[in-house]
Amino acid sequence: MIRKGKIKKTTLALWMGIILICFYTKKFGFLDLLLIPIVDDLINNKNRVNAILKKNKLVYLALFFSFIYTIIYNKVGFNGRGADAGSGFMTCTALGEVNLAGLSIFLLYGLAKNKYKYLSKIILIFGIFTFSRSYFLAIICIILCSTRLVNKLIEKLIRKLSYINLTLISSVFMFGLAILQISVFLNNRIVAMQLNSGFARMFQLNDYSNFYRMLAIFIVVAIYVYYPKFLLVGITDDEYLLYGREIANNLNVPFIGIGPHNLFFSHLKIYGIGVVFEVFFISKYLKKIVNKNNFGFFIAVLLYAIVMGSGFNNWWLFLITIVLIVNEK
């Protein structure tokens, strides 16, 4: 990003574009995109990153505080998913929400995997008790990508399995799934409860929680189709509620204002067409570091981004970049 006191031309152009968009749209949430080039800096200085991580013991400290939070949350009853106290998942972190707790523990495992053999296994088992479906998918990714057959396949397809290509494929799939979920609701096949605790929730997909998430994806796309003017400036929360309720009424489905949990559609709502540039630059930087050795972590976090809307954004983007660096060899 900055070499010998000079900022790279691509970085400067990206920053200037983002700042201009902020002033044009008067939405300063776009400033978050200024952080993306830091990923390039981390990757270009990966040897230094590895050297720093080898010397510190932050993994122990992070796990210790996770244990403390777990004890406190379960003892005083703050073990719910978000505001729903008492939902019963056993493992907690400072992040509070079960799926984000699972993601943080999974990435902590990624930091410890090569350096702390036994500690990493403890971390992996500790995360299981979040009962998070996304966490179990992440573990499956690591197991599958470590098998000889899948590893050889990854080696052949690694260039095609870029962040931008997988985001495009997954976004088309999620939009199709959104249409399917609307159809499922209209045919009265959504269950009348949300299973948010224990292993039972892992086998239920047609609940209202998933329906509202899928509906949000459809509504974001529909708003841009009916009101293309928003493509340049994004959609505010108030606009999303106003037009979303109108579209939901036309579909004859309920609308409670939940936004997309998918990262691409969530940022499509916020940034409009600007999300294309975000995906392009993240993909450009990550392809320098993603290989067959760390591909399992890459796909696992991508699934979090697809299903939960977290992973390749904000500080999560920096953390996963560091995990990919640590597991590159």
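Residues are numbered from 1 along each chain as its sequence is written, and side-chain values use heavy atoms, with hydrogens and water left out. Because the model is predicted, local features need pLDDT of at least 70 and side-chain atom pairs count only at pLDDT 80 or more, whereas totals for chains, interfaces and linings use all residues.

The protein has 15 helices and two strands; these are DSSP runs numbered from the N terminus, with helices being H or I of at least four residues and strands E of at least two. Of its 329 residues, 49% count as buried, where buried means under 20% relative accessible area, exposed over 50% and partly exposed in between (1.4 Å probe, protein chains only). Among contacts between residues at least 6 apart in sequence, 69% join residues at least 24 apart; a contact means heavy atoms within 4.5 Å.

A cavity is a set of points where a 1.4 Å probe fits but cannot get out, a pocket is an open set with protein on both sides within 12 Å along at least five of seven lines, and lining residues have an atom within 4 Å of a point. Grid points are joined across faces, edges and corners, and a volume is the space filled by probe spheres set on the points.

The largest pocket has a volume of about 820 Å³. It is lined by 30 residues, of which L53, V59, L111, L319 and I322 are the closest to its centre. Two or more lining residues come from each of α3 (46–55), α4 (58–76), α5 (98–112) and α15 (314–326). By class, the lining of this pocket comprises 20 nonpolar, seven polar and three charged residues; Ala, Val, Leu, Ile, Met, Phe, Trp, Tyr, Cys and Pro count as nonpolar, Asp, Glu, Lys and Arg as charged, and the others, Gly among them, as polar.

Two cavities of 30 Å³ or more are present in the structure. The largest cavity holds about 60 Å³ of space and is lined by Y163, T167, S170, S171, N262, L263, F264, L302, A305 and I306. The elements giving two or more residues to this lining are α9 (163–186), α12 (263–271) and α14 (295–307), and α9 gives the most, with four residues. Six of the lining residues are nonpolar and four polar, with no charged residues.

The second largest cavity has a volume of about 40 Å³. Its lining is formed by Y163, L263, F264, H267, V275, E278, V279, I282 and F312, with α12 and α13 (275–286) each giving two or more residues. Helix α13 gives the most, with four residues. By class, seven residues of this lining are nonpolar, one is polar and one is charged.

Helix α12 is largely enclosed by the rest of the structure, because seven of its nine residues are buried. The buried residues of α12 are L263, F265, S266, H267, L268, K269 and Y271, and they pack against α9, α10 (208–226), α11 (237–251), α13 and α14. The N-terminal end of α12 is capped by N262, a side-chain oxygen of which lies 2.9 Å from the backbone nitrogen of F264. The residue that follows α12 is G272, whose phi is positive, near 65°.

T130 is found in the loop between α6 (117–128) and α7 (133–146) and is buried, with a relative accessible area of 1%. A polar atom of the T130 side chain lies 2.7 Å from the backbone oxygen of G127. G127 is found in helix α6 and counts as buried at 0% relative accessibility. Not counting residues up to four places away in sequence, G127 touches I105 and Y135. G127 and M90 are 37 residues apart in sequence and 9.3 Å apart in space, C-alpha to C-alpha.

The structure holds zero disulfides, a disulfide being a pair of cysteine sulfur atoms within 2.5 Å. C141 is in no disulfide, and the nearest cysteine sulfur, that of C145, is 6.0 Å away. C141 is buried, with a relative accessible area of 10%. C145 is likewise in no disulfide and is buried, at a relative accessible area of 12%.

Notes. 1 Å grid on protein atoms, 1.4 Å probe; cavity = no way out; pocket = protein on both sides within 12 Å on 5 of 7 lines; lining within 4 Å. Polar contact = N/O pair within 3.5 Å; in protein donor to acceptor, adjacent residues only side chain to side chain.
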